[in-house]
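Dear colleague,

Please find below the structure that I am handing over to you. My notes on it follow.

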Amino acid sequence: MGSITWDRNTGWAGEPYWKEATFYQVYPASFKDSNGDGWGDLPGLISEIDYLEELGVDVIWVSPIFESPQKDMGYDVSDYQKIYEPYGSLENVDTLLREAHRRGMKVILDLVVNHTSQEHEWFRESRSSKTNPKRDWYIWKPARYIDGVRHPPTNWRSYFAGPTWTWDEHTQEYYLHLYAPDQPDLNWENEDCRRAIYDNTMRFWLDRGVDGFRIDTVNKYSKRQDFIDAPVTDANSPHQSAPEMWCNGPRIHEFIREMNDEVLGPYRAVSVGELSNTPNPEQVIPYVSAAARELDMVFEFSVIRLGTGNILGPKYIYQPFPLSRLKTLTEKWQSFVEGTDAWTTAFIENHDNARAVSRFGDTSTPEMWVRSAKTIALWQVTLTGTLFIYQGQEIGMTNMPSSWGIEEYKDVESSGFYAEAVASGDEERVRKTLHGLSLLARDHSRIPFQWDDSPNAGFTAAGATPWMRVHDDYRSLNVARQRGDPASILSFYKSALRLRKQHRELFVFGTFKLVDPEDESIFAYVKRDARGGSGKKAVVVLNMSGEEGRLGPDVTAAMDGDEPRLLVSTRGKEGDAKIKGGKPVMSAWEGRVYVNYE
Ligand code: GLC
Ligand code: CA
C-alpha cells in the first residue's frame with residue numbers, strides 16, 4: 001500500500017481526505033496504449049493502476065477523455081457524455097472507478113465548461129440561426145465597421161495567438177473564443193446554459209461515481225458585459241492582451257458558488273480549479289476560503305510559469321530568472337493561506353508546461369539529472385497544500401531533445417505561436433520562439449510515458465506509431481529500470497511521499513518561511529506545525545546548483561535554538577551529511593530535511 005497509517009477516506013484530524021492526498025495527473029493519450037494504435041487509452045490506464053498505487057497515489061486526475069475532434073487534445077469537448085472512442089468506452093470508465101475505489105483510491109475528471117468544441121450539438125444549434133433557442137448559449141456579437149471595413153467586436157488576443165473572435169458567414173456575426181476558433185465560449189450569463197452544464201456534464205459523471213473534478217479555466221466564466229477594447233500594449237499587433245475583460249468577471253463568484261451549492265457540495269465532490277491570470281492572494285482567497293463555499297482548491301501559476309513571457313503576448317520569448325524569484329514566489333503561494341480557512345496546492349508540472357527537471361534542475365549529466373530530480377521531489381513533498389504530481393515527473397522525465405525540429409511539436413498553442421512568429425517576417429523572433437518552445441512548450445510533457453526499454457518505451461506495441469515521438473533517451477530513462485533500484489528517482493518519490501504523510505503536520509499543514517531569501521544557490525525554508533502546537537519544526541535545505549560544498553543556513557538558529565536531527569538527504573547514505581559550524585555542507589543538487597524531534 002502506498003499510504004501507511006492514514007485512512008484515505010477519513011483523512012487526518014477531521015480534515016477532508018483531499019488535503020493530504022497525493023494527486024497524480026494522467027494525460028491519457030500518452031500514458032499507456034493497450035491496442036497498438038499509438039494512442040493511450042483507458043484499458044491502458046487501468047492496467048497500470050497498481051503502478052500508481054505502489055507509488056503512493058491517492059487520487060487520479062484524468063485529463064479529458066470525452067468525445068472531441070481533438071483540436072486541443074480533448075479540451076474541446078463535442079459530447080460530455082460520450083468517451084472519445086480511441087480512449088475506450090463508458091464501461092471502461094466504470095471499470096477504472098471500480099478498480100480505483102477497490103484500492104481506496106479516487107478518480108477525478110477534467111471539467112471543461114468555459115467552452116465546447118464547435119462540433120458540440122449546442123454550438124451547432126446556436127450557430128444555426130439568430131432565433132435558435134440556444135443562440136444565447138454562446139457569445140455572439142455584430143461586427144464593427146471602420147471605414148467600411150469589417151472588424152471583430154473587440155481587439156482581444158486569444159491564448160493561441162490571433163483574435164478571440166471568428167466571423168460566422170451564415171448568421172453574419174462573430175462568436176467569442178478565448179482559445180482556438182474551434183473552442184467557442186459558452187455564455188454563462190444564460191441560466192439555461194448553466195443548468196445544462198450542471199446536469200449534462202457534472203451530475204452525469206458524479207452519478208456514475210466520479211469523485212470530483214479538476215475544473216478547467218475556472219475563472220473565465222463571467223466576462224465583463226460591455227465588450228470594449230483593451231488598451232493597446234503591443235503596438236505591433238492588432239490583438240491585445242485583455243484578461244481584465246474576461247477573467248474574474250463581475251459574476252464569477254456567484255457562478256462558482258451556484259455550481260458548488262447545486263452540484264459539487266451535495267455530491268461532496270472534490271474540486272480543484274485552474275486559476276490563471278490571478279497573481280494576487282486577495283483575489284485568490286475568495287475562491288478557496290472554506291466559508292465562501294466555492295472551490296476546495298485552485299492552481300495558481302506564478303511558480304510554474306517562471307521563464308515564460310506574458311501568456312497573452314510573447315509567451316515563448318524566454319525570460320531568465322534568478323533562484324531568488326522562485327523562492328519568493330514559492331513563499332508567497334505557500335504562506336497566503338496562513339491564518340485563513342483557505343487551502344493551497346503544490347505542483348511543478350502539468351500538461352501545459354515543460355518538464356520540471358529540465359527547467360529547474362540540471363540535465364547536463366546523468367548524475368546531475370538524478371540528483372536534481374530528487375531535490376525537486378523533496379521540494380515538492382515538503383510543501384504545504386495538496387500535492388499534485390504529473391505523469392513521468394516521478395521518473396524524472398525530461399523535455400524533448402533539443403535536436404528535434406518543430407515538426408515534432410503537435411500542440412495547437414506551439415503551432416499558433418510559431419506561425420505568428422513566422423508571419424511577422426522577423427527572423428530573430430522566429431529563432432527566439434523556437435528557443436522558447438524548446439524550453440517551455442506544452443509538448444514536452446505530452447510525449448509518451450517511458451515504461452521500459454522495449455521499442456516505443458513500452459508505451460505502445462513495438463511496431464506501432466505513437467501519436468508523438470518517443471524520447472530518444474527512453475532506454476536509460478524508464479520505469480522498469482528505476483523500479484527495482486533503491487537509488488532511483490522513482491524509489492525516492494515513493495519514500496518521500498510516505499515521509500510527507502508521516503510528517504503531515506509540517507509538510508502538508510505547516511507554515512512556510514524562507515531562510516536567506518537572497519541566496520541564489522540554496523533554497524532553504526522552515527516548516528512549523530501551526531495547528532497542533534506540537535512545537536515540531538523542519539528545516540528544508542535544497543542546493544539548487546551544481547556547486548559542491550555550498551553551505552546551507554545555520555540550522556540550529558533556523559530552529560530557534562533546537563537541536564537538529566537529519567530526517568532525510570536526497571543522497572541517502574552516500575551523502576555524509578556534514579555540518580560545519582552549524583551549517584550543512586551540501587553536495588551538488590543535494591536536498592536535506594532536518595527536524596527538531598526524534
Ligand atoms: C486549460 C487546459 C489547456 C487548454 C485550455 C483550453 O488551460 O489546461 O490544456 O488548452 O484550458 O481548454
Ligand atoms: Ca490505444
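How far is an oxygen atom of ligand 1 from an N or O atom in the side chain of glutamate 274? The distance is 2.6 Å, a polar contact (a pair of N or O atoms within 3.5 Å). The protein buries 97% of the 300 Å² that ligand 1 exposes when taken alone, with areas from the Shrake-Rupley method and a 1.4 Å probe.

This is a predicted model, in which local features need pLDDT of at least 70 and side-chain atom pairs count only at pLDDT 80 or more, while totals for chains, interfaces and linings use all residues. Residues are numbered from 1 along each chain as its sequence is written, chains are lettered from A and ligands numbered from 1 in the order written, and side-chain values use heavy atoms, without hydrogens or water.

Two further side chains approach oxygen atoms of ligand 1: a polar atom of aspartate 72 at 2.5 Å, and an N or O atom of arginine 442 at 3.0 Å. In total, 14 residues surround ligand 1 (a heavy atom within 4 Å). Of this shell, seven are charged, four polar and three nonpolar.

Tryptophan 39 counts as buried because its relative accessibility is 12%, under the 20% limit. Aspartate 37, at 38%, is partly exposed, that is, between 20% and 50%.

Yours sincerely

Notes:
A polar contact is a pair of N or O atoms within 3.5 Å; within protein, one must be able to donate a hydrogen and the other to accept it, and residues adjacent in sequence count only if both atoms are side-chain atoms. Ala, Val, Leu, Ile, Met, Phe, Trp, Tyr, Cys and Pro count as nonpolar, Asp, Glu, Lys and Arg as charged, and the others, Gly among them, as polar. Buried means under 20% relative accessible area, exposed over 50%, partly exposed in between (1.4 Å probe, protein chains only).
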